[in-house]
Amino acid sequence: SSAVKMDHPDKEALRGEVVPVVIIGNGPSGICLSYLLSGYTAYLSPDAAHPNPLLQSKLEEQPHLSLLEQDLEYLCEGLEGRSSNPVAVLFDSLLLPNSDFGLEHISPLEWRHRPEHAIPHLVLGKGPPGGAWHAMEGSMLTLSLANWMELPGLKLKDWMRDKRRNVRNDRATPAEIASYYQHYVSKMSLEQNFACGTTVTSVTRQAGTQDGAPPCWRIKGLQRREGEVLGDGCSAPEAEPFSLLAHNVVLATGTHDVPARLGVEGESLPFVHHSFWELEAAISRGELSHTSDPVLVVGAGLTAADAVLASHHLNAPVYHVFRRSVADPELIFNQLPKLLYPEYHKIHQMMTQQQYQPSPASYSGYLSFPQCRVVKFRPDRKCVLQWDSGQQTVVQISRALVLIGALPNLSFLRDNGRPLGLSPKEAITCRRNPIDVDPYTNSVLAAEGPGMYAMGPLVGENFVRFLKGGALAIASHLNRKRREARGGGPP
Ligand SMILES: Cc1cc2nc3c(=O)[nH]c(=O)nc-3n(C[C@H](O)[C@H](O)[C@H](O)COP(=O)(O)OP(=O)(O)OC[C@H]3O[C@@H](n4cnc5c(N)ncnc54)[C@H](O)[C@@H]3O)c2cc1C
Ligand SMILES: *[C@@H]1O[C@H](CO)[C@@H](O)[C@H](O)[C@H]1NC(C)=O
């Protein structure tokens, strides 16, 4: 079988043909790009005024052009914001002007659906649309203000208001956000572009043929049979192989597929876990209580904080080990506004005030071990810890949760995608070694051929608020290439 079989007749039409664009990953990145490729185009609204007068006057120069036809580099000039990516700052400023100042300025963009401008594309993803958000469902809270997670054309607030009576504050749970993304795909009629239950296993460059077919990308993978229940069944024996050709391929897999490991002795012992989900499973089996030995949580990010919260709610004792000092400005808790995130603020307080002492005066079920690391786990459920000072301690635990971030799984690319990174010998990560792309087109600089793009956490843009800029850069480059191929040339 050579085609991706989907429940929609349009997709069957792609059988055997070269697909203009294949997007790998169906999280917020893939969804946002699919929206822009489906003919949704933004124009400057005639009665709009962007609070930045320079940007407003640039937009007014050619108001008949859609955002996808404008010169992004020109529009970006002189803009500043919280992302180092210029197009991300531009798009954010157009969608949510002045939101850094807590102001709700109306967007100067007006969206029109022009299906005749659509570029046919396919979005491949392992699970349902929404990506990483489906994997965080157990989490207690979210990080950004809710409107920072929304995609163009559908206000998250409006959707939430329809869904639940009382919107208590500007936050939403991951489960709600995941459901918003799924709803978005159907509301914008993007479903026919989505093939869920598909896992890409290889992307290679295919040479042109003698009869004149140009070189393109060969994408191979596995598709779960229809009707099969979702789970981790992607690799189930029922999965059928597929293979397709594409002129352009977009890497939008996120960086949350493989939990990071400490790399210490005993890390594979059965009581050492690497996902929040495993803690939830233990909780639902009733294995956590105030009588059990402490749960050791390693890490000081939000997932680790969620694990501390969840254990604490059940009165299960917690040992919390992390490398940084509690006052480190890089620590996420030192960056969150206290008022908006009272629960996380509480954790930070505990981290500061309930630090481990050799002879504890009182023990209230939580102890923090700042500037400390795990040396090894022993089969008798004892864990050896070492402080930055070199001093060691052995603690008895019931289980350990190592929640120190995640890495992408780019096993479908040569050498796991390493040659594409800023440091081509190291593994791709969101923060330290993202994929190196052109800032205005998101083209992968070290790709084996033209037409490979990357976006989202893979290029260091971890927040939904800013990854939308990558979608704009890619969609506008694809549009420009199409106009040029049709002889129209750039406007
Ligand atoms: C605990 C946690 C909390 C977060 N909180 C926030 C927050 O509050 N605000 C915010 O803006 N961001 C937050 N983020 C970051 C957020 O996850 C990302 O901004 C966003 O999900 C990235 O979108 P994406 O589409 O690029 O990737 P993802 O959402 O990761 O989606 C990519 C999808 O592609 C799939 N995929 C991977 N490989 C393949 C393959 N070979 N074939 C097919 N499919 C594949 C993946 O399984 C995944 O489902 C948080 C992340 C975590 C882990
Ligand atoms: C990466 O993905 C491939 C293909 O889906 C899978 O076989 C492999 O086990 C994954 N690797 C890790 C480390 O999870």
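I'll start with one strand pair: β11, residues 295-298, and β12, residues 318-321, run parallel and are joined over 4 bridges. Keep in mind that this is a predicted model.

Within that pair, Val295 has Val318 of β12 as its bridge partner, and Val297 stands opposite His320. To get from β11 to β12 the chain passes through helix α10, residues 302-313, and this β-α-β crossover is right-handed.

On another side of the pairing is β17, residues 399-402, which runs parallel to β11 and is joined to β11 by 4 bridges.

What about the faces of β11? In a regular strand, side chains alternate between the two faces of the sheet. For β11, both faces are covered: Val295 and Val297 are buried on one side, Leu296 and Val298 on the other.

Next, helix α2. Of its 10 residues, 28-37, 10 are buried, so the helix is largely enclosed by the rest of the structure. The buried residues include Pro28, Gly30, Cys32 and Tyr35. What do they pack against? The partners are the strands β1 (18-24), β2 (40-44), β4 (121-125) and β8 (240-251), along with the helices α8 (174-187) and α12 (464-485).

Technical notes
Residues numbered from 1 in each chain as written. Chains lettered and ligands numbered in written order. Predicted model: local features only at pLDDT ≥ 70, side-chain atom pairs only at ≥ 80, totals over all residues. Pairing = 2+ DSSP bridges. Helix = DSSP H or I, 4+ residues; strand = E, 2+ residues; numbered from the N terminus. Buried ≥ 20, exposed ≤ 12 C-beta atoms within 10 Å, placed from the backbone. Contact = placed C-beta atoms within 7 Å. Right-handed = clockwise from strand over helix to strand, strands pointing away.
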